[in-house]
Amino acid sequence: MSRPWHEPSKEQRLEVDERTALTEIYWFQNDLRLQDNPGLLQHAGSKKLLLVYFWPESRPWCNITGMGSQRRRFLLESLAALRKDLAGLGQDLLVLSGRPQLELPRLARETGASRVGTSLSPGYYERRTREQVAATLRVPLQVYGGNTLFRADQLPFNAEKMPVQFTPFKNKLQGITPTEPAAAPSELPPPPPGLVFPALEAPPCKPHIAFAVQGGSSAGHRRLRQWIFGEQAILQYKHTRNGLDGLDGSSSLSPWLALGSLSAREVAAQVKSFEAEVTANESTQWLLYELLWREFFHWRAMRDDINLFRVGGEPGRVRRCTFEPRNFARWCQGDTNFPLVNALMHQLVGTGWMSNRGRQIAASCLVNEFGIEWRYGAAFFEKHLLDYDVASNYGNWQYLAGVGADPRGGRHFNIAKQTEQYDPSQRFINKWDGLRPLQPEFVTDAADWPLP
Ligand code: FAD
């Protein structure tokens, strides 16, 4: 992307010191919203404010590179929506494709910024990047709480001592309530002068008709209100959440939550309002329970750091697996001998979304039927999911593969039984073209790449 600054004239340079004395920078990450954004609010009192976002760095990993077109589309829409919301406050967002550890120190130098703020994201690379930014900046980097229900100081344990399994984690949080979501700032300081905000590229595709969601806070709020108060679908959530289609059984709020266009506290607060104004039942409680899973994986990822990407996870557990490239390719393309898995993979690539039940079945197929190392599947999900979130994705994959938080040591789903239970009339399989001619299995043998 182009350099964001006009070269200042000599006179302009003279003014720079005075004008930028109280400039600050806020670095947006997965908190693409104005409302309930405590970090952004901390910078609303500066004289000038530069708002910046860095496009996710493409890191080749497990033979996979780049971002699927639906995920790219949703992110571009989310950024465009944030820019629109900022324009209402006389602000804009500088979207750069460079590395924060190189670009932020340069921007801070050029604007004479006195401090830089950002929100906390879990993940090993995210932590490393933050540390490198802090080490190269000549001004403080302030890191505020991330998109979680609870602040770190509300947790009754520190990160290293957190319960490593969900049930004790959840039990320890009983009685602690999330803070109320904060309002959006009513005004923001203007950006420093002389900045050019390059236009965003056009989205590479349209939303798929089967999961026609748009990025951005307004679209996220519409879905939240519609699902809870409009359709009141939350009242049946416990019984419908395992449905395979998007926007049907479960809330489908994850894409907005993952990019931070919605905060987890906002979702919890809407559920509480519904319970107070309309009614509470098992299903309304179940949605809050699922948000606790998200919370669990977030804090667990903070604790696990690089272990989240290790094949044996935090315990370093040995799991026999192989890498048979033809089987992996067939799984990715939805060309296996399991019609339900094929349909799920077509849904994922076509829409950027898959239900929780679908993810468990597809992941179990890769790990247990093909014996392929789980990280390859996680990397493919990372490429395509609109709601890709490092903690939830890698945490759930590890859980399923038996190297993570599952007390039962992993899950093996019987695909025939799952098909009978969740797609008895094969409606989903037909909709997503899951029936393919049977193919010979590629049996793994000693010649395959053996992985420990
Ligand atoms: P709902 O059932 O309506 O739940 C409400 C919210 O609770 C979700 O939006 C989500 O934020 C949270 N939630 C629900 N279940 C889980 C869970 N098991 N783990 C963490 N949070 C949960 N979720 C992601 O947000 N990003 C991912 O990258 C991701 N990768 C996954 C990979 C695998 C292999 C598996 C099995 C699950 C993964 N999940 C991930 C969790 C879950 O599948 C999705 O959050 C859920 O399907 C999103 O749909 P929903 O919003 O309708 O969920």
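This is a predicted model: local features need pLDDT of at least 70, side-chain atom pairs count only at pLDDT 80 or more; totals for chains, interfaces and linings use all residues.
**Entry 1: a salt bridge to start from.** I began with arginine 127 and aspartate 305, which form a salt bridge with their closest N and O atoms 2.8 Å apart.

**Entry 2: the domains.** I looked up how the chain is divided: domain 1 runs over 22-147, domain 2 over 209-309 and domain 3 over 325-431. For domain 1 and domain 2 I took the centres over C-alpha atoms, and 24 Å separate them.

**Entry 3: where domain 1 meets domain 2.** How many residues of domain 1 are in contact with domain 2? I got 24 from domain 1, touching 25 residues of domain 2. Next I wanted the area buried between domain 1 and domain 2, and it came out at about 2,100 Å². Carbon and sulfur atoms give 53% of that. Which three residues supply more than any other three of the area that domain 1 buries against domain 2? I found Phe74, Tyr124 and Asn147, with 30% of domain 1's share.

**Entry 4: polar contacts and elements.** I also checked polar contacts between domain 1 and domain 2 and have 16 residue pairs down, both residues at pLDDT 80 or more. On the domain 1 side that touches domain 2, I see α3 (69-87) and α5 (124-136) as the elements giving two or more residues. Helix α3 gives the most to that side, namely seven residues. Sorted by class, I have 10 nonpolar, seven polar and seven charged residues on the side of domain 1 that touches domain 2.

**Entry 5: aromatic pairs.** I moved on to rings, and the structure holds 30 aromatic pairs. I picked tryptophan 374 and tyrosine 394. Their ring centres are 6.3 Å apart and their planes stand at 70°, so I logged the pair as edge-to-face, the cut-off for that class being over 60 degrees. Tryptophan 374 sits in helix α15 (residues 374-384) and tyrosine 394 in helix α16 (residues 390-401), so this pair ties together parts 20 residues apart in sequence.

**Entry 6: back to salt bridges.** For the structure I have 25 salt bridges. I opened glutamate 57 with arginine 99, whose closest N and O atoms are 3.4 Å apart. Where in the chain do glutamate 57 and arginine 99 lie? I placed glutamate 57 in the loop between β2 (48-54) and α3, and arginine 99 in the loop between β3 (94-96) and α4 (100-111). The pair links distant parts of the chain, 42 residues apart.

Note on methods. Residues are numbered from 1 along each chain as its sequence is written. Side-chain values use heavy atoms; hydrogens and water are left out. Domain bounds come from an automatic or database domain assignment. Contact means heavy atoms within 4.5 Å. Buried area is the accessible area (1.4 Å probe) that two parts lose on being put together, summed over both. A salt bridge is a side-chain nitrogen of Lys or Arg within 4 Å of a carboxyl oxygen of Asp or Glu. A polar contact is a pair of N or O atoms within 3.5 Å; within protein, one must be able to donate a hydrogen and the other to accept it, and residues adjacent in sequence count only if both atoms are side-chain atoms. Helices (H or I, at least four residues) and strands (E, at least two) are DSSP runs, numbered from the N terminus. Ala, Val, Leu, Ile, Met, Phe, Trp, Tyr, Cys and Pro count as nonpolar, Asp, Glu, Lys and Arg as charged, and the others, Gly among them, as polar. Rings of Phe, Tyr and Trp (its six-membered ring) pair if their centres lie within 6.5 Å; planes under 30 degrees apart count as stacked, over 60 as edge-to-face and the rest as tilted.
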